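I open a new page for this structure. My plan is to look things up one at a time and write down what I find.

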Amino acid sequence: DKTLLKADLKNLDKVEIKPPNGDVMKVEKDKQGGWRITRPSERSADDKTLTGVLDTLKKAKIKKFIGETPLTLEPYGLDDPYEYSFSSLIDGSSVTLLIGDPVEGDQTVYAKFKDLSDVFTIGKELWDKMPKTFFHLRNKKVITYSNLDIQKLEIEYEGEVLRSERESDTEWNITSPQDIKADYYA
């Protein structure tokens, strides 16, 4: 069986990422089922990125077993790898995947599970999707809002101010530089 992770990924509620020689980043599910970064600082996470990673992991297969228990992990880049720990507080399960160097001349990357000795390879496409920095995990939206939350909009450009104000759910008026009815769908 070449299934990479056999864990029930829908029960996962905590992911820890430790880059080589780096600080641990932690992401946890909140009560609404979204993801939240808890370390190195508290902030919302990019749910789409994390859901995409978990979906990719669910489908991922081990490409090739190296078939040995190496004396050293250095030739594989697994002596100081990226560490991805996936945990479920629901059933208490946890697994840590170590990812090392790319395989020369191949579209694969060396990997192993932290608590097992066998080295194997995974597809480079999986490695490319894995978040590697705090920036990859962050929610990159500048402002999160609902259209109905906005009551007034002002745009200033070269000293000129365009101001629109909501009259109802579907009606807006331009109030500056002149007072006219706005086209809602424009």
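**Entry 1: confidence**

I note at the start that this is a predicted model. I looked up the confidence of the chain and found a mean pLDDT of 87, with 96% of the residues at 70 or more. Where is confidence lowest, and where is it highest? The lowest mean, 80, belongs to helix H3 (residues 134-137). The highest, 95, belongs to strand S8.

I looked up how the strands at residues 152 and beyond are arranged. Four strands make an open sheet, ordered S10-S11-S12-S13, with antiparallel pairing. Which strands are at the edges? They are S10 (152-157) and S13 (180-181), each of which pairs on one side only.

Inside this sheet I checked the pair S11 and S12. Strand S11 covers residues 160-166 and strand S12 residues 172-176; four bridges join the two, and they run antiparallel. One pairing I wrote down is Arg166 with its bridge partner Trp172 in S12.

**Entry 2: S6, S7 and S8**

I then turned to strand S7 (residues 94-102), which is joined to strand S6 (residues 82-87) by six bridges in an antiparallel run. Ser87 has Ser94 of S7 as its bridge partner. S7 also pairs with strand S8 (residues 108-113), again in the antiparallel sense, over four bridges. Here Pro102 stands opposite Val109 of S8.

How many residues lie between the strands in the hairpin of S7 and S8? There are five, and Gly105 in this hairpin has a positive phi near 75 degrees.

**Entry 3: Lys112**

I looked up Lys112, which lies in strand S8. Is Lys112 buried or exposed? Lys112 is buried and has no salt bridge; Asp115, the nearest side chain of opposite charge, is 6.9 Å away.

Lys112 touches Leu73, Leu78, Thr96, Leu97, Leu98, Ser117, Asp118, Val119 and Phe120.

**Entry 4: salt bridges**

How many salt bridges does a search of the whole structure find? The search finds nine.

Lys26 and Glu16 form a salt bridge whose closest N and O atoms are 3.8 Å apart. Lys26 is in strand S2 (residues 25-29) and Glu16 is in strand S1 (residues 14-18), so this pair ties together parts that are ten residues apart in sequence. Lys26 is partly exposed at 24% relative accessibility, and Glu16 is partly exposed at 22%. Lys14 is linked with Glu16 and Lys26 in a network of salt bridges.

Arg163 and Glu154 meet through their side chains in a salt bridge of 2.7 Å, N to O. Arg163 counts as partly exposed at 25% relative accessibility, and Glu154 counts as partly exposed at 45%.

Lys181 and Glu171 meet in a salt bridge of 3.0 Å, N to O. Lys181 belongs to strand S13 and Glu171 to the loop between S11 and S12, so the pair ties together parts that are ten residues apart in sequence. Lys181 is exposed, with a relative accessibility of 52%, while Glu171 is partly exposed at 31%.

Which peptide bond ending at Pro40 is cis? The bond from Arg39 to Pro40 is cis, and its omega is near 20 degrees. Pro40 sits in the loop between strand S3 (35-39) and strand S4 (43-44). Ser176 and Pro177 are also joined by a cis peptide bond, with omega about 15 degrees. Pro177 is in the loop between S12 and S13.

Glu158 lies in the loop between S10 and S11, and counts as exposed at 71% relative accessibility.

Technical notes. Residues are numbered from 1 along each chain as its sequence is written. Side-chain values use heavy atoms; hydrogens and water are left out. Two strands pair if DSSP finds at least two bridges between them. pLDDT is the predictor's confidence in each residue, from 0 to 100. Buried means under 20% relative accessible area, exposed over 50%, partly exposed in between (1.4 Å probe, protein chains only). Lys and Arg count as positive and Asp and Glu as negative; His and the chain ends are not counted. A salt bridge is a side-chain nitrogen of Lys or Arg within 4 Å of a carboxyl oxygen of Asp or Glu. Contact means heavy atoms within 4.5 Å. Lists of a residue's contacts leave out its neighbours within four places in sequence.
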